[in-house]
Amino acid sequence: MVTKQLLAGLPEDADLRRADSLAREIFSDVANKWALLIIEALGERTLRFGELRDEVEGVSHKMLTQNLRMLERNGLVDRTVHPTVPPRVEYTLTGPGRDLRGAVDALCGWTHQHLAHIERARGRFGA
C-alpha cells in the first residue's frame with residue numbers, strides 16, 4: 001500500500017486509504033473484472049460495441065455499456081461516433097488507458113504464472 005512518505009506533497013484526493021478520495025473512486029471504477037477485460041480487449045485496437053461484446057465473453061449489453069461509459073468518463077476510452085445510418089460507434093484506449101493496460105497486462109501475466117498454485121489452494125478448500 002502507499003506509505004505516508006510517498007504521499008507527502010500530494011493532495012488528499014491522491015490517498016487511496018481515504019474513503020472520500022478521488023484516487024479510491026478511480027481505483028474502484030477500474031478495478032472490476034469487466035473494466036479490466038475491456039481494457040485488455042481494446043489493447044492497441046479500435047473496436048465497435050459488438051466486436052467488444054464478442055471479445056469479452058460473458059459480458060451483458062448493460063454491463064458493457066456501463067463500463068464503457070465509466071471508462072470514457074474517466075478519460076481512459078475515447079468513443080467516436082461516425083455520422084452514418086445507423087451511426088457507427090468505435091472505442092479506443094486513450095494514452096492513460098494504454099498506460100493502464102500495462103498494469104492490466106502485468107495482472108494477466110501474474111494470473112497465468114500462478115494459476116496452478118491457486119487451483120491447488122482452492123482444491124484444498126473444496127472450491
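Helix α5 is followed by G75, a residue with a positive phi near 75°. Keep in mind as you look around that this is a predicted model.

**Helix α5**
- The 13 residues of α5 should span 18 Å at 1.5 Å a residue, and this agrees with its end C-alpha atoms, which lie 18 Å apart.
- L64, T65, N67, L68, M70 and L71 are the buried residues of α5.
- Among the elements covering those buried residues are the helices α2 (22-30), α3 and α4 (49-55), along with the strands β2 (77-82) and β3 (88-93).

**α3 against α5**
- Helix α3 (residues 33-42) packs on helix α5 (residues 61-73) at about 75°, and their axes are 10 Å apart.
- The two helices are therefore roughly perpendicular, since angles of 65 to 115 degrees count as such.
- On the α3 side the contact uses W34, A35, I38 and I39, while α5 brings M63, L64, N67, L68, M70 and L71.
- Sorted by class, this α3–α5 contact holds nine nonpolar residues, one polar residue and no charged ones.

**α3 against α6**
- Helix α6 (residues 95-124) crosses α3 at roughly 105°, with the axes coming within 9 Å.
- That angle makes α3 roughly perpendicular to α6.
- Here L36, I39 and E40 of α3 meet G97, L100, R101, V104, D105, L107 and C108 of α6.
- The residues of this α3–α6 contact comprise six nonpolar, one polar and three charged.

Key
Residues are numbered from 1 along each chain as its sequence is written. This is a predicted model: local features need pLDDT of at least 70, side-chain atom pairs count only at pLDDT 80 or more; totals for chains, interfaces and linings use all residues. Side-chain values use heavy atoms; hydrogens and water are left out. Axes are lines fitted to C-alpha atoms, for helices over the stretch in contact, and angles run from 0 to 180 degrees between N-to-C directions. Helices (H or I, at least four residues) and strands (E, at least two) are DSSP runs, numbered from the N terminus. Angles under 35 degrees count as roughly parallel, over 145 as roughly antiparallel, 65 to 115 as roughly perpendicular and the rest as oblique. Contact means heavy atoms within 4.5 Å. Ala, Val, Leu, Ile, Met, Phe, Trp, Tyr, Cys and Pro count as nonpolar, Asp, Glu, Lys and Arg as charged, and the others, Gly among them, as polar. The expected span of a helix is 1.5 Å times one less than its number of residues. Buried means under 20% relative accessible area, exposed over 50%, partly exposed in between (1.4 Å probe, protein chains only).
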